[in-house]
Amino acid sequence: MSVDVFPAPHSVLSPQSSVLIGVLALQGAFIEHRQMLARLGVESREVRQRKHLDGIDGLIIPGGESTTIGKLLDTLEMTEAVRGLGRDGLPIWGTCAGMILLANDVGRPQTILGLLDIVVRRNAFGSQLDSFETDLAIPALGDAPFRAVFIRAPLIERLGPGVVQLATLEDGTIVAAERDNLLATSFHPELTGDPRFHEYFLRKIGGGTLVAVAAPSGSGVA
Ligand code: GLN
């Protein structure tokens, strides 16, 4: 275990597990994801080159600027490798710009992975609402509302067949969805200290190493 990883009292992983999560670290909010994983006692690795994808059990594509991340994926010849892993069933979670990259339609030309059948509209909230926070009811995470931070966020305009919505704003706008190994959120769960979305993602990782116990809310992870 590397020095920047420490076990949390309510780790979702059994002690003998050796799950390694890759966090795409080309641009954007990757450090915050790694900090959250460390709080959960989960080892992570910054993915900056194609070889860093070897041996990971899941991948997080962080928020940032989707055009920049896409261009860097192309330049570094990683786009096809990430796409292939997603198609082969590797759990991949995209937050904000990461969600844009997972989508298969963003209404404009830019590099996307096209893994999740959703239509996404970038920078969907008007200038006054460029950034905002709100409490979301997310049944998959339990009863307690989830504080969600939206930063020049995209929204999901359409879900393809088999894609399940996980969260909406009060007006019905879809802001989180999943299908099988893929998870997408318009907002930034790595910024608020609530580990439930990270735990939810970790449960997508098989191999019998996961203990399906959610952290109790207010469990000291803040
Ligand atoms: N507006 C950015 C984009 O379109 C996403 C913002 C974010 O990731 N916080 O890529």
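Trainee: Which residue just after α1 takes a positive phi?

Mentor: G41 does, at about 75 degrees. The model is predicted, so local features need pLDDT of at least 70, side-chain atom pairs count only at pLDDT 80 or more, and totals for chains, interfaces and linings use all residues. Residues are numbered from 1 along each chain as its sequence is written.

Trainee: Why is L191 called partly exposed?

Mentor: A residue is buried with 20 or more other C-beta atoms within 10 Å of its own, exposed with 12 or fewer, and partly exposed in between; C-beta atoms are placed from the backbone. L191 has 18, so it is partly exposed.

Trainee: Which residues does L191 touch, leaving out those up to four places away in sequence?

Mentor: E32 and V149. Contact means that C-beta atoms, placed from the backbone, lie within 7 Å. L191 itself is in the loop between β12 (182-185) and α5.

Trainee: How do you know which residues of the shell around the ligand are nonpolar, polar or charged?

Mentor: Ala, Val, Leu, Ile, Met, Phe, Trp, Tyr, Cys and Pro count as nonpolar, Asp, Glu, Lys and Arg as charged, and the others, Gly among them, as polar. The residues surrounding the ligand include C96, E65 and G63. By class, the shell has four nonpolar, four polar and three charged residues.

Key. Near = placed C-beta within 6 Å. Helix = DSSP H or I, 4+ residues; strand = E, 2+ residues; numbered from the N terminus. Contact = placed C-beta atoms within 7 Å.
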